[in-house]
Amino acid sequence: MKLLVDSGSTKADWIAIDDTGKVLFTTQSLGLNPEVLTREEIIERLDDRFDISHNKDKASHLFFYGAGCGTDRMKNFLTEVFQAYFSHAAVTVHEDTYAAVYATTPKDEQAIVCILGTGSNCSYFDGKVLHQKVQSLGYIAMDDCSGNRFGRHLLRGYYFNKMPAELAKEFEQEYNIEPDNVKHNLYKEPNPNAYLATFAKFIIKHKDHPFCQQYIMAEMEDFVENYIKQFDQCHELPVHFVGSIAFYLKDELEAVLSKHKIKIGNVLRRPIDGLIAYHILNK
């Protein structure tokens with residue numbers, strides 16, 4: 001049994017397949033970002049899902065694609081945790097961009113591949129290997145155009161009294177934004193980036209409102225300038241996207257890219273289904 005995992009900071013999609021590609025089970029756990037979780041927290045999240053814990057000794061392979069796995073230190077840390085937990089499995093850990101590449105890019109083709117979800121990143125894929133020019137410093141310093149950035153904008157807009165009254169009233173009704181609750185989630189709970197990203201639904205819901213639109217367009221411009229334009233090939237190759245922000249704001253994204261004479265490619269909400277086809281072809 002092979003386990004294929006696509007993990008962001010908020011959630012992780014799991015699919016178990018046999019050698020023919022038949023799906024044995026699917027499940028979802030909380031995200032497994034090694035940059036923000038301890039070994040104990042990762043194991044607790046694995047144990048919390050019956051399908052995972054019950055089948056851990058049956059797995060022969062684990063292919064994990066995750067946020068926070070962009071450095072060798074994080075890859076090695078997570079590999080050790082998984083190797084101990086899935087004791088009979090050969091474990092392979094890649095950064096989440098590889099899942100995006102395999103799901104969006106035809107075999108051996110070149111592309112620029114981006115993730116816009118809870119966090120964000122951008123890479124050039126030469127048909128074989130990923131190349132990154134921007135080393136992520138995490139959600140506090142980077143993550144342009146991500147869910148957590150939009151959440152930060154909304155909270156600041158609300159608390160600095162910049163949010164229009166009709167939006168502020170609805171914002172209060174949809175979320176618990178009492179100061180103590182917000183500060184507890186930001187500074188006492190794990191995954192503050194994922195907490196911030198929960199507010200992104202609000203900005204997507206009201207994407208045509210000028211207040212929300214200003215943040216959407218500004219963040220997309222920053223992402224193009226700071227991430228995509230790092231690569232000289234960006235005007236020649238399609239730019240593919242994976243993630244809920246890209247998926248639900250596709251029209252706005254396409255408009256910004258067009259302005260910069262950049263061609264949008266495939267846009268997927270999540271790459272897990274594409275990973276099945278990839279691993280069947282490359283078993």
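Is Phe-171 buried or exposed, and what is its relative accessible area? Phe-171 is buried, with a relative accessible area of 0%, where buried means under 20% relative accessible area, exposed means over 50% and partly exposed lies in between (1.4 Å probe, protein chains only). The model is predicted, so local features need pLDDT of at least 70 and side-chain atom pairs count only at pLDDT 80 or more, while totals for chains, interfaces and linings use all residues. Residues are numbered from 1 along each chain as its sequence is written, and side-chain values use heavy atoms, with hydrogens and water left out.

**View 1. The whole protein, with its 13 helices and ten strands.** Helices (H or I, at least four residues) and strands (E, at least two) are DSSP runs, numbered from the N terminus. The radius of gyration, taken over C-alpha atoms, is 19 Å, close to the 19 Å that the globule rule gives for 283 residues, so the protein is as compact as a globular protein of that length; the rule itself is 2.2 Å times the number of residues to the power 0.38. Of the 283 residues, 52% are buried.

**View 2. The pair of Tyr-158 and Phe-171, one of 18 aromatic pairs in the structure.** Rings of Phe, Tyr and Trp (its six-membered ring) pair if their centres lie within 6.5 Å, and planes under 30 degrees apart count as stacked, over 60 as edge-to-face and the rest as tilted. Tyr-158 and Phe-171 form a tilted pair, with 5.8 Å from centre to centre and 50 degrees between the planes. Because Tyr-158 lies in helix 5 (residues 147-159) and Phe-171 in helix 6 (residues 165-174), the pair ties together parts that are 13 residues apart in sequence. Tyr-158 is buried as well, with a relative accessible area of 17%.

**View 3. The rings of Tyr-195 and Phe-199, an edge-to-face pair.** Their centres are 5.3 Å apart and their planes stand at 85 degrees, which is why the pair is edge-to-face. Both Tyr-195 and Phe-199 are buried, and both belong to one aromatic cluster, whose members include Tyr-158, Phe-171 and Phe-202.

**View 4. Ala-246 in helix 11 (residues 244-248).** Ala-246 counts as buried, at 1% relative accessibility. When residues up to four places away in sequence are not counted, Ala-246 touches Leu-116, Phe-241, Leu-253 and Val-267, a contact being heavy atoms within 4.5 Å. The C-alpha atoms of Ala-246 and Cys-145 are separated by 9.0 Å, although these residues are 101 residues apart along the chain.
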